[in-house]
Amino acid sequence: MSKTEFTLKPTRLLTHPHTTRSRLMLEVASQLVSRKDFPYLQARVDLREQGADDWPLTLFASDSPATIHEVAAGKVQFAIINPSMMLKLAALGSAPFKEAIPLRVIAVLPSLDSMLFAVKQDTGLKSFRDILERKFPLRVSLRAQPDHSLHVIVNHVLAVAGFSLDDIVSWGGEVRYDAGMAYGPNRIGAMQRGEIDAIFDEGAGAWGNMALELGMNFLSLDENMLARLEAVGLRRGLIEKKYFPKLSADVPTLDFSGWPIYTHENISDAFVTDFCRALEASKERIPWAQAATLPLAQMVRDTPEGHLEVPLHPAAERYWRERGYLP
């Protein structure tokens, strides 16, 4: 009786077998967050040696000031924040931070933006001083995301104006936390339905002209308010008439530009260099405006679209200079 012979042919792997599982999960996650109908769009990636007890490297595609505390505690090594000026608040130890946190930037995704404080014209409100002097029972819509940076900024603005959200409620007003962007049915739609008088939010370019067409005014920040806000780390901005034709003049406000990728100053140079190298290698695969390559030469400099509110990490600065992105 003859024996049947079997030949076992090795499977040809394009990557190390230990990385195939990780690459599979990362590629699947990349595809999922690319879908417009997929609700879970924020990613947090933990990396470790196989079988190790701890996870020494965490990458968090965050947008919240709360993540800065995790970076400070060493729980997250690389994170993202919007807007750039949140890093200045942390560096100075301004609220909501209780002490100065030494952060450093890897690069800044450019995004030109401003805060917008829009109120219905028929309220007669022209300034934040009017709200305080009239103790106006304002019905204001804020974004429902509780850890969004705009809540930090709104609290700072109202503090220098001399009142708070609680004061608005005590005057008979209402503070709503509505889901969705300012241009959505829960926000500007609520204004059209007569449910609210004001919307405080960022993304001026996306909804500012809509608000003006619907009969809203933009409250400006006066020089005294701006100076006090700059002292705590916020950056002044300008809503320019050339982009908003129904404005009678430019409106001083606060900047909301930039999505910095940041880390703690004490992170190892090796981690930072590896991150920079990986970012550059993947720049053509990261979605960007009009299918253009990620603009790294712009992202590592201080620009109006992406401010360097804290310095580049020294290892990042060396790497970008070696690659010719910095002089």
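Mentor: Buried means under 20% relative accessible area. The model before us is predicted, and this cut-off will be applied to it.

Trainee: Where does threonine 67 lie, and which residues is threonine 67 in contact with?

Mentor: Threonine 67 belongs to helix α2, residues 66-72. Leaving aside neighbours within four places in sequence, its contacts are Phe60, Ser62, Ala79 and Tyr262.

Trainee: What makes leucine 103 count as buried?

Mentor: The relative accessibility of leucine 103 is 1%. Since buried requires a value under 20%, leucine 103 therefore counts as buried. Leucine 103 is part of strand β4, residues 103-109.

Trainee: Which residues does leucine 103 touch, not counting those up to four places away in sequence?

Mentor: Heavy atoms within 4.5 Å make a contact. On that criterion, leucine 103 touches Ile68, Val71, Leu87, Ala90, Tyr262, Thr263, His264, Glu265 and Val310.

Trainee: What makes a set of residues a nonpolar core, and which members of the largest one touch the most other members?

Mentor: Such a core joins buried residues of the listed nonpolar kinds through side-chain atoms within 4.5 Å. The largest nonpolar core has 74 residues, of which Phe128, Leu254 and Trp320 touch the most other members. Helix α5, residues 149-161, gives the largest share of this core, eight residues. Another core lies apart from it, with 18 residues, including Ile188, Ala211, Met216 and Val251. In soluble globular proteins, nonpolar side chains tend to be buried together.

Trainee: Which residues is phenylalanine 128 in contact with, beyond its neighbours within four places in sequence?

Mentor: Phenylalanine 128 is in contact with Phe117, Val157, Leu158, Ala161, Phe163, Phe200, Leu219, Ser220, Leu221 and Met225.

Trainee: How do you know which residues line the second largest pocket?

Mentor: A lining residue has an atom within 4 Å of a pocket point. Residues lining the second largest pocket include Leu112, Asp113, Tyr243, Phe244 and Asp255. About 300 Å³ of space lies in this pocket. The elements that give two or more residues to its lining are α8 (204-213) and β10 (236-239). Strand β10 supplies the largest share, three residues.

Trainee: How many residues of that lining are nonpolar, polar and charged?

Mentor: The lining of the second largest pocket divides into six nonpolar, three polar and three charged residues.

Definitions and conventions:
Residues numbered from 1 in each chain as written. Predicted model: local features only at pLDDT ≥ 70, side-chain atom pairs only at ≥ 80, totals over all residues. Heavy atoms only, no water. 1 Å grid on protein atoms, 1.4 Å probe; cavity = no way out; pocket = protein on both sides within 12 Å on 5 of 7 lines; lining within 4 Å. Points joined across faces, edges and corners; volume = space filled by probe spheres on them. Helix = DSSP H or I, 4+ residues; strand = E, 2+ residues; numbered from the N terminus. Nonpolar A, V, L, I, M, F, W, Y, C, P; charged D, E, K, R; others polar. Buried < 20%, exposed > 50% of the residue type's maximum accessible area, 1.4 Å probe, protein only.
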